Amino acid sequence: MNPIQKTIALPDGRTITIETGKLAKQADGAVEVRMGNTMLLATVVSAKEAGEGVDFMPLQVEYKEKFSAAGRFPGGFLKREGRASDYEILTARLVDRVLRPLFPDNYHADTFVNITLYSADGVDAPDCLAGLAASAALAVSDIPFNGPISEVRVARIDGKFVIDPTFEELQKADIELMVGATYENIMMVEGEMDECSEADLLEALRTAHEAIKVQCKAQEELAAAVGVAKREYCHETNDEELRADVKAKCYDRAYEIARKGCADKHWRQDSFDAICNDYIESLPEEEREAKTPLVKRYYHDVEKEAMRRCVLDEGVRLDGRKTTDIRPIWCEVDYLPGPHGSAVFTRGETQALATVTLGTKMDEKILDDVLNQGRERFLLHYNFPPFSTGEAKAVRGVGRREIGHGNLAHRALKRMFPEGFPYVCRVVSDILESNGSSSMATVCAGTLALLDAGVKMRKPVAGIAMGLISDEGATKYAILSDILGDEDHLGDMDFKVTGTADGITATQMDIKCDGLSYEILEKALLQAREGRLHILDIINATIPAAREDYKPHVPRIVTMLIPKELIGAVIGPGGKVIQGIQEESGAQVSIDEIDEGGYIEVAAANKDSIDKALAMINAIVELPEEGKTYHGTVRSIMDFGAFVEFMPHRDGLLHISEIAWERLDDMEASGLKEGDKVDVKLIEIDKKTGKYRLSMRALLPKPEGYVEPQRAPRGERAPRREGERRGGEGRGQRREGGDRRGGQRPPRKETKE
């Protein structure tokens, strides 16, 4: 065993250590990456040969976090890690998007990258180390790779940019970006921000790239120390004569279709396909089957070049627009009667139908990841059914792409979600048509649906996808606003930008070419801002502001704050009290302990249920007042009086002498029975014992000529009333307010304040 280490110093004094040669030595490449007590293991294995007929790069990246890394047990019945969480999928996608373009175009062997979190200290975020770990594993392997790359998180905290901030620091960030790059070029960007300017975003990218250069240099030194030579391979068999013939016979026809500027996606696709099919049909029948895969590959390059030259040389896009034009937009709110909010947003051949559902605390999403536990009150889900592109295919659940696109739209909208909003909110975007950025259509449709639901957003948000067509070295280029699907597929950049009229809220960028300058990025951002403002004008014209009131079928929610010491009284033993409130009122009641006290949320479909629940809660949390009249319930009858529940879960003694002005010989004469409703006055609260003395007679008019019996001083025996016997009943009793007759005690203790 001969482990090799490299150490990277971060600007704040922390260090990252990369080590290889100790673990997982049978993989083609394996490294450990440590920062503090956080440790990742990345392995990479690639097949020696490509699969038959495979003409693409079959790369799979997996990121997995072990619960044992944080000293925790997994949840669920099996108590073991299961399918990947959304967070793990999103982290794997970040790595995949940087690695994939850097494999040689003619390398088609199955390649698997696995990154596993084995130790976590809860201080440093492991996801910002995943790209570095994957690239380092490739660097020390014999797998062909045009790297190295690295990824860092850059955040602006208190006006300063910080590389790979801690979890605690990240809470204060107003810009948070994950950036992936080689030493020369930025390849991937994803993040969110609080309405930052284009200039601030560019400065964040520059800061991140400088840190990445240091990490790339360390990987090169590590690879040199290992000394592994890259493998030789042959995964493609090419026919250069056929390639030249396909271009000679197909390019001009493809160029004519590209410059025709037809907005119909299916017409263009059918026309392009017809050119390829005509060429295949022209081949000798005995050669046709063998050459068809090569012809399709070469024709793809012809189609790509025709589209790109048409844009660069004539400024004509596939659908006839200018580079800055945005496709026609129409939108409509309140489209569906059932949801609490709905909207349709259509831009060209891309259409999103968004719905909003408002719920209670019981609808919160529970987060239980290895390092992230909590609750989410604003949710956004994105669905991309196959029919949206005219594809004959069954829907097979949510894919990684849908999770990634939904996360981008969620980031775009969440910072504009109103603080203190009482509802849990779920936005669902179903893509009904797609030719261009459906995630940006989701942002626009989501804004419209939220406003239609009555959610008073801080500001409306819109999104736009930008593209780039450039020649070798980017000496000549065109920045495209609102790109088509083909312009994304055949172009050099997919740059999505969302924001308000005042700044950017989220961004996602994938770059497929080398040498993209900051000058081009700046122009793309400024052009994106113009497009975003144009879309916001249409959104504002459709619905200028949020509804003044929620729709009639939206559940109403009222919140209140109570002292912490009364939380237990509202919940009750085993939750009996709060369950009783819900059953009796028909409202849904939840309570949370926060710094300020107990936060209570009461929700119901009608005002009467809410009012009833609030009255019951107020009765519990209200403090008893001497001299106040209460409407109570007789809970038990004793020889010396009755115990009356005059407030929820507060009992007081109604002594026999306080029932009526006339003397009662026994409780039977009072006529009171258990369950009777009576009005009583709280005449005394014993400050020492917390017991309550109640009176009914205090609410009755005093009989004319009534004389209050004199009480004997303490320590003296009071004179007997006529007919009263000594001993027996009442011997040794205390007079009122907790008296005990015949040695009997009340059936339950009186509740203290």
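# A guided tour of the structure

Let's begin with a sheet: 6 strands form an open sheet in the order 1-2-3-4-6-5, and their pairing is mixed. Strand 1 (4-9) and strand 5 sit at the edges, each pairing on one side only. From one strand to the next, the twist averages 15 degrees. As you explore, keep in mind that this is a predicted model.

**Stop 1**

Select residues 29-35, which make up strand 3, and residues 38-46, which make up strand 4. In which sense do strand 3 and strand 4 pair? They pair in the antiparallel sense, over 7 bridges.

G29 stands opposite V44 in strand 4, and V33 stands opposite L40 in strand 4. Now follow the chain from strand 3 into strand 4: the two form a hairpin with 2 residues between them. Click on G36 in the turn, where phi is positive at about 60 degrees.

For a landmark, find I16, which stands opposite M35 in strand 3.

Of its 7 residues, 6 are buried, so strand 3 is largely enclosed by the rest of the structure.

**Stop 2: helix 1 meets helix 2**

Now select residues 86-99 for helix 1 and residues 127-139 for helix 2. Two packed helices are described by the angle between their axes and the distance between the axes. For helix 1 and helix 2, the axes come within 10 Å and cross at roughly 45 degrees. The two helices are therefore oblique to each other. Helix 1 passes helix 2 in a right-handed crossing.

Which residues make the contact? On helix 1, show Y87, T91, V95 and L99; on helix 2, show D127, A130, G131, A134 and L138. Coloured by type, the residues of this contact divide into 6 nonpolar, 2 polar and 1 charged.

**Stop 3**

Most residues other than glycine have a negative phi, and most peptide bonds are trans.

- Select K79, in the loop between strand 5 (59-65) and helix 1. K79 is not a glycine, yet its phi is positive, at about 60 degrees. K79 is partly exposed, with a relative accessible area of 47%.
- Select G147 and P148: the peptide bond from G147 to P148 is cis, with omega near 5 degrees. P148 lies in the loop between helix 2 and strand 7 (149-157).
- Select D164, in the loop between strand 8 (160-163) and helix 3 (167-170). D164 has a positive phi near 50 degrees, and it is a residue other than glycine. Is D164 buried or exposed? D164 is buried, with a relative accessible area of 1%.

**Stop 4: G191 in strand 10**

Go to residues 186-196, strand 10, and click on G191. G191 has 0% relative accessibility and counts as buried. Leaving aside neighbours within four places in sequence, G191 is in contact with E176, L177, R411, A506 and T507. Then try your viewer's distance tool on G191 and V602, which are 411 residues apart along the chain: their C-alpha atoms are separated by 36 Å.

**Stop 5: helix 5 alongside helix 6**

Select residues 240-260 for helix 5 and residues 265-282 for helix 6. At what angle do they pack? The angle is about 155 degrees, with the axes 10 Å apart. Angles over 145 degrees count as roughly antiparallel, and helix 5 and helix 6 are therefore roughly antiparallel to each other. Helix 5 passes helix 6 in a right-handed crossing.

To see the contact, show residues of helix 5 including L242, V246, C250 and I257. The residues of the contact of helix 5 with helix 6 divide into 10 nonpolar, 1 polar and 5 charged.

**Last stop: T447 in helix 9**

Finally, select residues 438-452, helix 9, and find T447. T447 is buried, with a relative accessible area of 0%. Which residues surround T447, leaving aside neighbours within four places in sequence? T447 is in contact with L413, M457, P460, V461 and I539.

Notes
Residues are numbered from 1 along each chain as its sequence is written. This is a predicted model: local features need pLDDT of at least 70, side-chain atom pairs count only at pLDDT 80 or more; totals for chains, interfaces and linings use all residues. Side-chain values use heavy atoms; hydrogens and water are left out. Axes are lines fitted to C-alpha atoms, for helices over the stretch in contact, and angles run from 0 to 180 degrees between N-to-C directions. Helices (H or I, at least four residues) and strands (E, at least two) are DSSP runs, numbered from the N terminus. Angles under 35 degrees count as roughly parallel, over 145 as roughly antiparallel, 65 to 115 as roughly perpendicular and the rest as oblique. A crossing is left-handed if the near helix is turned anticlockwise from the far one by less than a right angle, and right-handed if clockwise. Contact means heavy atoms within 4.5 Å. Ala, Val, Leu, Ile, Met, Phe, Trp, Tyr, Cys and Pro count as nonpolar, Asp, Glu, Lys and Arg as charged, and the others, Gly among them, as polar. Buried means under 20% relative accessible area, exposed over 50%, partly exposed in between (1.4 Å probe, protein chains only). Two strands pair if DSSP finds at least two bridges between them.
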